[in-house]
Amino acid sequence: MIVAIPCIRAGERLYVSLHFGRSPLIAFAEVDERGFRIIEVAMNPYATHEHGRGAGIIDFIASKGASAVIVSGIGGMAYENLRARGIKIYYAPDEHGKPLSVERALELLVNNQLAEMEEPIGHHDEHEHGHGHGHGHHY
């Protein structure tokens, strides 16, 4: 399957972004039970859009054939839109207060150690919906 991971670059490494819609980059990886291979790291063409950002990034991810995403936080609208398209959403928790590297998140997915999300989870510094403190839930 193809998995999309909204991410940021720090030095030479990619980390799972804390903000689904505003992430500057999206990594795409082929994943199977044997492992993963990053096939593309694309610019998020919707990162700076104020309105329609979530719908745009979901269209972009779907156009690349992704059947799953790995996120560290996602608002209710994006969550529902991904679910409506049949795209699975996996949660990548922080590791000791720091975002997971894309490679580590993919390793966890391959080893069945990432949970599929059952509801949206905001991140502590997410402000686009006016709520979401701690690992609070968006309803």
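This is a predicted model: local features need pLDDT of at least 70, side-chain atom pairs count only at pLDDT 80 or more; totals for chains, interfaces and linings use all residues.
Strand β1 (2–10) pairs with β2, β3 and β5. With β2 (13–16), the pairing is antiparallel and comprises four bridges; Ile-8 has Tyr-15 of β2 as its bridge partner. The two strands β1 and β2 form a hairpin in which two residues lie between them. Within this turn, Gly-11 adopts a positive phi of about 65°.

The pairing of β1 with β3 (25–32) is likewise antiparallel and extends over six bridges. By contrast, β1 and β5 (68–71) run parallel and are joined by two bridges, with Ala-4 standing opposite Val-69 of β5. In a regular strand, side chains alternate between the two faces of the sheet.

Helix α3 spans residues 102–110. Its buried residues are Val-102, Ala-105, Leu-106, Leu-108, Leu-109 and Val-110. Because an α-helix has 3.6 residues a turn, residues three or four places apart point the same way. The buried residues of α3 pack against β1, β2, β3 and β5, and also against β4 (35–43) and β6 (88–91). Just after the helix, Asn-112 takes a positive phi of about 55°.

Conventions. Residues are numbered from 1 along each chain as its sequence is written. Side-chain values use heavy atoms; hydrogens and water are left out. Buried means under 20% relative accessible area, exposed over 50%, partly exposed in between (1.4 Å probe, protein chains only). Contact means heavy atoms within 4.5 Å. Two strands pair if DSSP finds at least two bridges between them.
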